[in-house]
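Hi,

Here is the structure I said I would pass on.

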Amino acid sequence: MSKQPKYRQVADALRREIDSGAYGPGAKLPSESELSTRFAASRNTVRSGLSMLVSEGLITSSQGLGYEVRKHEVFELNASRFENLSFPQAGDAYSTDVTNAGRRPHQTFRVELTTASDYVASRLEVQAGSRAVLRFCHRFVDDVPWSTQATHYPDWLVEKAPRLTEPGDIGEGTTRYLASLDIEQIGYADEIATRMPTPDEARLLEIGAGVPVLLWTRTGYSSERPVRSTITTFRGDLNRMTYEIGDLSARSENDPQ
(Lines give C-alpha, C1' and ligand atoms only; values in the text may rest on other atoms or scores of the structure.)
Protein backbone atom coordinates (compact mmCIF):
# COMPACT_ATOMS: atom_id res chain seq x y z
CA MET A 1 0.00 0.00 0.00
CA SER A 2 1.40 3.41 -0.97
CA LYS A 3 2.63 5.66 1.81
CA GLN A 4 2.08 8.72 -0.36
CA PRO A 5 -0.76 11.06 0.65
CA LYS A 6 -3.91 10.34 -1.30
CA TYR A 7 -3.80 13.57 -3.30
CA ARG A 8 -0.28 12.67 -4.50
CA GLN A 9 -1.50 9.24 -5.54
CA VAL A 10 -4.20 10.94 -7.62
CA ALA A 11 -1.65 13.30 -9.21
CA ASP A 12 0.84 10.48 -9.89
CA ALA A 13 -1.76 8.28 -11.55
CA LEU A 14 -3.07 11.06 -13.79
CA ARG A 15 0.50 12.19 -14.62
CA ARG A 16 1.36 8.68 -15.79
CA GLU A 17 -1.73 8.60 -17.99
CA ILE A 18 -0.87 11.99 -19.51
CA ASP A 19 2.73 10.90 -20.13
CA SER A 20 1.56 7.65 -21.76
CA GLY A 21 -0.78 9.52 -24.11
CA ALA A 22 -3.99 8.23 -22.57
CA TYR A 23 -4.93 11.90 -22.30
CA GLY A 24 -3.39 13.77 -25.21
CA PRO A 25 -2.82 17.52 -25.64
CA GLY A 26 -6.12 19.35 -25.37
CA ALA A 27 -7.97 16.35 -23.90
CA LYS A 28 -10.38 16.95 -21.05
CA LEU A 29 -9.84 15.04 -17.82
CA PRO A 30 -12.76 13.36 -16.02
CA SER A 31 -14.69 15.63 -13.69
CA GLU A 32 -13.79 15.98 -10.02
CA SER A 33 -16.86 13.91 -9.17
CA GLU A 34 -15.81 11.10 -11.52
CA LEU A 35 -12.26 11.15 -10.16
CA SER A 36 -13.56 11.09 -6.60
CA THR A 37 -15.42 7.88 -7.38
CA ARG A 38 -12.47 6.35 -9.24
CA PHE A 39 -9.94 7.02 -6.47
CA ALA A 40 -12.34 6.63 -3.54
CA ALA A 41 -11.30 10.08 -2.36
CA SER A 42 -13.05 13.29 -1.37
CA ARG A 43 -13.39 16.06 -3.94
CA ASN A 44 -11.03 18.25 -1.90
CA THR A 45 -8.40 15.50 -2.11
CA VAL A 46 -8.91 15.16 -5.87
CA ARG A 47 -8.78 18.94 -6.26
CA SER A 48 -5.44 19.02 -4.40
CA GLY A 49 -4.05 16.38 -6.76
CA LEU A 50 -5.25 18.26 -9.80
CA SER A 51 -3.77 21.48 -8.42
CA MET A 52 -0.37 19.75 -8.34
CA LEU A 53 -0.63 19.02 -12.05
CA VAL A 54 -1.69 22.61 -12.73
CA SER A 55 1.37 23.91 -10.83
CA GLU A 56 3.58 21.58 -12.89
CA GLY A 57 2.18 23.05 -16.10
CA LEU A 58 0.70 19.73 -17.26
CA ILE A 59 -2.95 20.74 -17.18
CA THR A 60 -5.03 23.91 -17.14
CA SER A 61 -8.26 24.64 -15.32
CA SER A 62 -11.15 26.85 -16.36
CA GLN A 63 -14.13 27.66 -14.21
CA GLY A 64 -17.09 25.74 -15.55
CA LEU A 65 -14.98 23.90 -18.14
CA GLY A 66 -13.01 21.53 -15.94
CA TYR A 67 -9.42 20.43 -16.47
CA GLU A 68 -7.63 20.07 -19.78
CA VAL A 69 -4.21 18.70 -20.76
CA ARG A 70 -2.02 21.59 -21.83
CA LYS A 71 -1.17 21.74 -25.53
CA HIS A 72 2.55 21.77 -26.26
CA GLU A 73 3.16 22.84 -29.86
CA VAL A 74 6.87 23.41 -29.39
CA PHE A 75 8.74 25.78 -31.69
CA GLU A 76 12.45 25.16 -32.22
CA LEU A 77 14.81 28.13 -32.57
CA ASN A 78 18.28 27.60 -34.01
CA ALA A 79 20.16 30.21 -32.01
CA SER A 80 23.49 29.72 -33.76
CA ARG A 81 22.18 30.85 -37.15
CA PHE A 82 19.49 33.24 -35.96
CA GLU A 83 21.45 36.25 -37.20
CA ASN A 84 23.69 34.65 -39.80
CA LEU A 85 23.54 37.12 -42.68
CA SER A 86 24.54 34.40 -45.15
CA PHE A 87 21.44 32.39 -44.25
CA PRO A 88 18.58 33.13 -46.69
CA GLN A 89 15.97 35.34 -45.05
CA ALA A 90 12.63 36.85 -45.96
CA GLY A 91 12.39 39.77 -43.56
CA ASP A 92 13.92 39.34 -40.12
CA ALA A 93 15.20 36.05 -38.69
CA TYR A 94 12.13 35.46 -36.51
CA SER A 95 9.67 35.79 -39.41
CA THR A 96 11.88 33.61 -41.61
CA ASP A 97 12.25 30.80 -39.06
CA VAL A 98 8.55 30.73 -38.20
CA THR A 99 7.50 30.80 -41.87
CA ASN A 100 10.02 28.08 -42.79
CA ALA A 101 8.50 25.91 -40.06
CA GLY A 102 5.13 26.18 -41.82
CA ARG A 103 3.69 28.39 -39.12
CA ARG A 104 2.41 31.95 -39.01
CA PRO A 105 4.45 34.84 -37.51
CA HIS A 106 2.98 38.01 -36.04
CA GLN A 107 4.61 40.70 -33.91
CA THR A 108 3.90 44.12 -32.44
CA PHE A 109 6.48 46.80 -31.69
CA ARG A 110 7.21 49.54 -29.21
CA VAL A 111 10.19 51.91 -29.50
CA GLU A 112 11.24 54.34 -26.79
CA LEU A 113 14.14 56.28 -25.38
CA THR A 114 15.05 54.90 -21.98
CA THR A 115 17.95 54.58 -19.55
CA ALA A 116 20.27 51.60 -19.30
CA SER A 117 19.83 49.45 -16.21
CA ASP A 118 22.89 48.10 -14.43
CA TYR A 119 22.41 44.76 -16.19
CA VAL A 120 22.15 46.29 -19.67
CA ALA A 121 24.84 48.92 -19.06
CA SER A 122 27.38 46.29 -18.05
CA ARG A 123 26.81 44.48 -21.34
CA LEU A 124 26.85 47.61 -23.50
CA GLU A 125 29.88 48.92 -21.57
CA VAL A 126 28.22 52.27 -20.89
CA GLN A 127 27.36 54.12 -17.69
CA ALA A 128 24.32 52.83 -15.82
CA GLY A 129 21.48 55.31 -16.28
CA SER A 130 22.82 56.60 -19.59
CA ARG A 131 20.38 57.08 -22.45
CA ALA A 132 19.58 54.08 -24.63
CA VAL A 133 17.07 53.10 -27.29
CA LEU A 134 14.72 50.25 -26.46
CA ARG A 135 13.08 48.32 -29.29
CA PHE A 136 10.51 46.00 -27.72
CA CYS A 137 8.54 43.43 -29.67
CA HIS A 138 5.84 41.00 -28.64
CA ARG A 139 5.99 37.94 -30.86
CA PHE A 140 3.43 35.27 -31.70
CA VAL A 141 3.47 31.91 -33.49
CA ASP A 142 0.08 30.96 -34.95
CA ASP A 143 -1.49 33.71 -32.79
CA VAL A 144 -0.12 32.09 -29.60
CA PRO A 145 2.20 34.33 -27.53
CA TRP A 146 5.75 33.06 -28.09
CA SER A 147 8.19 35.60 -26.68
CA THR A 148 8.95 39.18 -25.82
CA GLN A 149 12.18 40.72 -27.01
CA ALA A 150 13.77 43.85 -25.54
CA THR A 151 16.78 45.11 -27.50
CA HIS A 152 18.82 47.96 -26.05
CA TYR A 153 21.09 50.13 -28.21
CA PRO A 154 23.59 52.63 -26.78
CA ASP A 155 22.97 56.32 -27.38
CA TRP A 156 26.16 56.77 -29.45
CA LEU A 157 24.77 54.40 -32.09
CA VAL A 158 21.65 56.44 -32.81
CA GLU A 159 23.49 59.15 -34.78
CA LYS A 160 24.97 56.49 -37.05
CA ALA A 161 21.75 54.46 -37.34
CA PRO A 162 18.78 56.85 -37.01
CA ARG A 163 16.18 54.27 -38.06
CA LEU A 164 16.65 52.59 -34.69
CA THR A 165 14.39 55.25 -33.15
CA GLU A 166 11.64 54.91 -35.76
CA PRO A 167 8.43 53.27 -34.53
CA GLY A 168 7.50 49.91 -35.96
CA ASP A 169 9.43 47.15 -37.64
CA ILE A 170 12.64 47.46 -39.63
CA GLY A 171 11.67 45.12 -42.43
CA GLU A 172 15.07 43.58 -43.15
CA GLY A 173 15.86 43.24 -39.44
CA THR A 174 18.11 45.50 -37.40
CA THR A 175 21.17 43.26 -37.84
CA ARG A 176 21.03 43.64 -41.63
CA TYR A 177 20.22 47.33 -41.31
CA LEU A 178 23.28 47.96 -39.16
CA ALA A 179 25.45 45.85 -41.48
CA SER A 180 24.33 48.04 -44.40
CA LEU A 181 25.84 50.99 -42.50
CA ASP A 182 29.15 49.12 -42.01
CA ILE A 183 28.24 48.37 -38.39
CA GLU A 184 28.66 44.65 -38.63
CA GLN A 185 28.24 42.44 -35.60
CA ILE A 186 31.07 39.92 -35.79
CA GLY A 187 30.62 38.23 -32.43
CA TYR A 188 27.94 37.37 -29.90
CA ALA A 189 27.96 36.52 -26.21
CA ASP A 190 24.93 34.57 -24.99
CA GLU A 191 23.57 34.03 -21.50
CA ILE A 192 20.72 31.59 -20.82
CA ALA A 193 18.72 31.37 -17.59
CA THR A 194 15.34 30.20 -16.35
CA ARG A 195 13.02 31.49 -13.64
CA MET A 196 9.34 31.89 -12.92
CA PRO A 197 7.63 34.73 -14.80
CA THR A 198 6.83 38.15 -13.41
CA PRO A 199 3.13 39.12 -13.42
CA ASP A 200 3.67 41.23 -16.57
CA GLU A 201 5.43 38.36 -18.34
CA ALA A 202 2.70 35.93 -17.36
CA ARG A 203 0.10 38.34 -18.77
CA LEU A 204 1.90 39.08 -22.05
CA LEU A 205 2.82 35.46 -22.72
CA GLU A 206 -0.42 33.99 -21.29
CA ILE A 207 1.59 31.62 -19.10
CA GLY A 208 -0.26 29.22 -16.84
CA ALA A 209 0.67 28.35 -13.28
CA GLY A 210 3.87 26.38 -12.87
CA VAL A 211 5.37 27.29 -16.25
CA PRO A 212 8.80 28.99 -16.18
CA VAL A 213 10.28 31.41 -18.69
CA LEU A 214 13.53 30.96 -20.61
CA LEU A 215 15.68 34.09 -20.70
CA TRP A 216 18.15 34.49 -23.56
CA THR A 217 20.44 37.51 -23.40
CA ARG A 218 22.57 38.08 -26.50
CA THR A 219 25.10 40.90 -26.69
CA GLY A 220 26.31 41.74 -30.19
CA TYR A 221 29.82 43.08 -30.80
CA SER A 222 31.40 44.94 -33.68
CA SER A 223 35.17 44.81 -34.12
CA GLU A 224 35.45 47.70 -31.64
CA ARG A 225 32.74 47.41 -28.96
CA PRO A 226 29.27 46.08 -28.09
CA VAL A 227 26.47 47.59 -30.15
CA ARG A 228 23.37 46.04 -28.63
CA SER A 229 22.03 43.75 -25.93
CA THR A 230 18.89 41.73 -26.57
CA ILE A 231 16.89 40.05 -23.80
CA THR A 232 14.37 37.56 -25.15
CA THR A 233 11.84 36.02 -22.78
CA PHE A 234 10.31 32.77 -24.03
CA ARG A 235 7.47 30.67 -22.75
CA GLY A 236 9.23 27.69 -21.23
CA ASP A 237 6.58 25.18 -22.33
CA LEU A 238 6.49 26.08 -26.02
CA ASN A 239 10.12 26.62 -26.99
CA ARG A 240 13.32 24.71 -27.54
CA MET A 241 16.66 26.31 -28.44
CA THR A 242 19.39 24.56 -30.42
CA TYR A 243 22.97 25.50 -31.29
CA GLU A 244 25.24 24.17 -34.03
CA ILE A 245 28.95 24.47 -33.22
CA GLY A 246 31.84 23.31 -35.40
CA ASP A 247 31.84 20.97 -38.42
CA LEU A 248 28.68 18.86 -38.52
CA SER A 249 29.25 17.27 -41.93
CA ALA A 250 29.30 13.80 -40.31
CA ARG A 251 25.80 14.22 -38.94
CA SER A 252 23.27 11.80 -40.35
CA GLU A 253 20.10 13.17 -41.93
CA ASN A 254 18.20 11.23 -39.27
CA ASP A 255 19.98 12.98 -36.41
CA PRO A 256 17.94 15.61 -34.50
CA GLN A 257 18.20 18.98 -36.22
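There are 17 salt bridges in the structure, counting any side-chain nitrogen of Lys or Arg within 4 Å of a carboxyl oxygen of Asp or Glu. Before the details, a caveat: this is a predicted model, where local features need pLDDT of at least 70 and side-chain atom pairs count only at pLDDT 80 or more, while totals for chains, interfaces and linings use all residues. Residues are numbered from 1 along each chain as its sequence is written, and side-chain values use heavy atoms, with hydrogens and water left out.

Back to the pairs. Lys28 bridges to Glu68, with 3.8 Å between the closest N and O atoms. Lys28 sits in the loop between helix 1 and helix 2 and Glu68 in strand 2, so this pair ties together parts 40 residues apart in sequence. (Helices are DSSP runs of H or I with at least four residues, strands are runs of E with at least two, both numbered from the N terminus.) Lys28 is partly exposed at 49% relative accessibility, and so is Glu68 at 26%. For those labels, buried is under 20% relative accessible area, exposed is over 50%, and partly exposed is in between, using a 1.4 Å probe and protein chains only.

Asp142 and Arg103 also pair up, at 2.9 Å from N to O. Asp142 is in the loop between strand 5 and strand 6, and Arg103 in the loop between helix 4 and strand 4, so here the parts tied together are 39 residues apart in sequence. Then there is Arg163 with Glu172, at 3.0 Å; Arg163 is partly exposed at 26% and Glu172 is partly exposed at 29%.

On to the nonpolar side. I'm calling a core a set of buried Ala, Val, Leu, Ile, Met, Phe, Trp, Tyr and Cys residues joined through side-chain atoms within 4.5 Å. The largest one has 19 residues, and Leu29, Leu50, Leu53 and Ile59 touch the most other members. Helix 1 (6-20), helix 2 (32-39), helix 3 (43-55) and strand 2 (66-69) each put in at least two residues. A second, separate core has 13 residues, including Val141, Trp146, Trp216 and Phe234.

Which residues does Thr233 contact beyond its neighbours within four places in sequence? Taking contact as heavy atoms within 4.5 Å, they are Trp146, Ser147, Thr148, Glu201, Leu205, Val213, Leu214 and Leu215. Thr233 lies in strand 9 (226-235) and counts as buried, at 6% relative accessibility.

Helix 4 (93-100) is mostly covered, with six of its eight residues buried: Ala93, Tyr94, Ser95, Thr96, Asp97 and Val98. The cover includes strand 3 (75-78), strand 4 (105-115), strand 5 (131-141) and strand 6 (144-154). Just after this helix, Gly102 takes a positive phi of about 75°.

Finally, the overall numbers. The chain has eight helices and 10 strands, and 41% of its 257 residues count as buried. Its C-alpha atoms fill a box of roughly 70 × 45 × 30 Å along the principal axes. Of the contacts between residues at least 6 apart in sequence, 59% join residues at least 24 apart.

Cheers
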